[in-house]
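Subject: Structure handover

Dear colleague,

Please find below the structure we talked about. My notes on it follow.

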Amino acid sequence: MSEHSTYMTKAIGPLPFCPGCGHTTIIKALDKALVKLQPDPAKVVIVTDIGCIGLSDRYFTTSAFHGLHGRSITYACGLKLARPELTVVALKGDGGCGIGGTHLLNVARRNIGITLIVANNFNYGMTGGQHSVTTPSDATTSTTPWGNVERPMDLAATAAAAGAAWVNRTTSFDGQLSDIIATAIQQPGFAMLDIWELCMAYYAPRNKLRKSGLTAMLDEYGFELGQIADRPRPEYSERYRAVFQQRRTEERARPAIEVEFGNAVPRQTGIIIAGSAGQKIKSTASLFARAAMASGLHATQKDDYPITVMTGHSVAELIISPERIDYTGIDSPDFFILLSEDGLNRTRKQVEKLPETCVLYAEETIRLPKTRARVRRYPFIAAARKVSKLSLASLALATMIEEKGFFPLDAMSWAISSFQKPKVAETNLKAVAAGSALAQGHQPEHQPERDQS
Amino acid sequence: MGYEFIEGNEAISRAAIKAGCDFFAGYPITPASSILQYMLKLLPPLGGTAIQAEDEIASMGFCIGAAMAGRKVMTATSGPGISLYSENIGLAIMGETPMVIVNIQRQGPATGSATKGAESDIQFTRWSTSGGLPIIALSPATVTEAYELTFRAFNMAEQYRVPVFLLGNKEIGVMQEGVDLDKVELPPLYNRRKIPADKPVHPHDFESPSDVPAMADFGGDRVVRYTTSTHDKAAYLTTDPVLIEEMLEHYRAKIETAIHDIALYREDFQEGAETLVVSYGVTSRSVAVAVRQARSAGQKVSSLVLQTLWPVPSKAILAAMDGIKKVIVPEMNLGQYILEIERLAPKGIQVVGVSKMNTKLLSPSEILGKGGLL
């Protein structure tokens, strides 16, 4: 490959920046750094933010990506994650570091191997010289006409504090600038260069800032110049490949459901199971659904539980049907299983409105509100305690299956054995037997109960 | 896999894998979080990348960067996340970026009811971004359809170089039902068209405005450009009003002239019906029951279920309205897609909305009652 003497084109004219603007120096130094490193231009992506610095990508003969304000880091990361072999250089201003602050913190923390060059001139040059997150206190800008009452952010120290592997701060007047940029690009991990410079249109004239004033500003705030961090660690994609891609999913392959059992469900049937977090309501309901499917039925399930998943109610809505299930709401449940006070508290209004066609299986210790449902009282909790309290839902569902004969209990046992880990399955199979025994020693169905409260 | 009992979000994730998705970025949000979790499990062993971003904005930024570097990308969120996606949806349209955006809708506005279903974002999806340029949006009614439409969304994203939305609903995303995904009929996979080696790398090249340009990936053999600004065919910034107008017409025309290829819908017409129900998503399942009930009560009713919401399948809607006197539009919102039906309905056709926005499904009896079908 012939040597590249420049990575810039003159085809669209000279750089567009104001006379004396530090951006021109920075862009030329970046070009010089690339010439030093001699990458294939197609394997380099210059990613630019919005701001005057964002005008620069089209002067490069490399690939270029000009994105939205503050987001250049995210596109640069996307490109780098997709193709870790690329050299990705993001150019942004101090303004972009404000609006995109979280992206700066997170790329530093993740150590995604892009190079970030911040052209830091303490104000928004593109939009008329408004103050930015790096504007010094008391400085005059178009949005701080009486002086800036905010304190400037130390971008370099912030990136370092967030875990950046390589951070350097210098000024556009640094004779070594292109070498520093080249070193930054050569870092395998995230590298950030905070380059202080003068905005000749706004900040410098308004605040009488000259080259000498830059170091005075550094001293005033105690901000460091030079290498702020240099502590290489594995780049993100390298870590990702080592940790994620070597890993094979440990989950057991789920068996397919074959129709092996018969059923006696003549029409779409809605079943609600209401209990508490920790009672395995959701997982047991889905075993019931799979058992129904293995018995030639269609099934749907929806769950309701609080955001704080280890406390409060857990309610599962099941529909089983010999026909395709279209409407998945249960306006009038056919069966209702109530296993705890939490479950009742969540569904009280529903329980109060249950029709007389509904059979309500209620744990016998729960005080029920007035309901027209046909109530079946069972000592589910006491019976489950003899097996395992985690098997309460299996036990109660088995009682209902045994009584109503939706499908053989063997279907439920098949689902338990097929989809649960052997130890858990063993317990739940015992619970199924216990639930079945409860049903067999049954009492006749109650008439609608009086309000007990 | 055979017959399974899975939730919609799992079907969406597995369809993405089937379609060759090899990059996913997302941010946790109810009720879409499980897609992020599935993708984090499914992608890495296949050599793909899935990452939890620092926010929704970064999710989109990562995806756009990766898509332009040759990956097939997907992200997933819900209403509040779409709000944050907005600026980058505009960028993806501007850069003609193929990507699939899953929105498992929940009830808004704002945080709304985080764990409850809705069809909150129907018009928002179409108009979420400055400039108002068209996108594609598909809406599944079942877990099986979520699988099929996700696969098709990837094809459409590549074919039309535009963000394609899968407009889900909590009521599908986190509902489990029986599926046999092996039996789902899928179209052939559409492979991204690449700029031939003898042609210049003009990422937005077209002869006719409705042409979809071929792509060159970042990191390929040749230098390529991408820009958020108004640009020419080579992706260089332009302020020339003629070039700008030509490019914007291209963005419009490539989607709108393809409406009839993008349009997916199901028709259940009854001879002599003067009433038509137009529905989409999970609500169409209630409509199916309502229509059966109305017919068994002696009513004549036709039903049109839209799977493609954007661009509006206007030809199919107009054809369905032929001979119809009344159109019923049930929706889990305050009446959003009805605006499109009202716009299309010829004079003299009565358009009746059945709206519900209280986190609950519209029931068949509500559709019958409020739609005047009883």
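Which residue of strand 13 of chain B is the bridge partner of B:D268? The partner is B:S303.

Before the rest, some conventions. This is a predicted model, in which local features need pLDDT of at least 70 and side-chain atom pairs count only at pLDDT 80 or more, while totals for chains, interfaces and linings use all residues. Residues are numbered from 1 along each chain as its sequence is written, and chains are lettered from A and ligands numbered from 1 in the order in which they are written.

The sheet in chain B

The bridge above belongs to the pairing of strand 11 with strand 13 (residues 301-306) of chain B, which is antiparallel and runs over four bridges. Helices (H or I, at least four residues) and strands (E, at least two) are DSSP runs numbered from the N terminus, and two strands pair if DSSP finds at least two bridges between them. In chain B, five strands make an open sheet with mixed pairing, in the order 11-13-12-15-16. Strand 11 (265-268) and strand 16 (350-355) of chain B are the edges; each has a single partner strand, so one side of each lacks a neighbour in the sheet. On average, neighbouring strands of this sheet are turned by 20° against each other, direction ignored. Helix 10 of chain B packs on the sheet, where it touches strand 11, strand 12 (275-280), strand 13 and strand 15 (326-331), and its direction makes about 160° with that of strand 12. Axes here are lines fitted to C-alpha atoms, for helices over the stretch in contact, with angles from 0 to 180 degrees between N-to-C directions; contact means C-beta atoms, placed from the backbone, within 7 Å.

Domains of chain B

Chain B is divided into domain 1 (3-183) and domain 2 (265-370), with bounds from an automatic or database domain assignment. Their centres, taken over C-alpha atoms, are separated by 26 Å. Domain 1 gives 23 residues to the contact and domain 2 gives 20. On the domain 1 side, helix 5 of chain B has the largest share, four residues.

Between the chains

The contact between the chains takes 54 residues from chain B and 51 from chain A. Elements giving two or more residues on the chain B side include strand 1 (3-7), helix 4 (79-94) and helix 10 (283-296). Helix 3 of chain B provides the largest share of that side, eight residues. By class, the chain B side has 26 nonpolar, 16 polar and 12 charged residues. Ala, Val, Leu, Ile, Met, Phe, Trp, Tyr, Cys and Pro count as nonpolar, Asp, Glu, Lys and Arg as charged, and the others, Gly among them, as polar. Strand 2 (residues 63-66) of chain A pairs in the parallel sense with strand 10 of chain B over three bridges; A:A64 has B:R225 as its bridge partner.

Chain A

Chain A has 15 helices and 15 strands. The radius of gyration of chain A is 34 Å, whereas a compact globule of 453 residues would have one near 22 Å (taken over C-alpha atoms; the globule rule is 2.2 Å times the number of residues to the power 0.38). The C-alpha atoms of chain A fill a box of roughly 95 × 55 × 40 Å along the principal axes. The axes of helix 2 (residues 72-82) and helix 4 (residues 101-110) of chain A come within 8 Å and cross at roughly 35°. A:I73, A:T74 and A:C77 in helix 2 meet A:H103, A:L104 and A:V107 in helix 4.

Regards

Conventions:
Contact = placed C-beta atoms within 7 Å.
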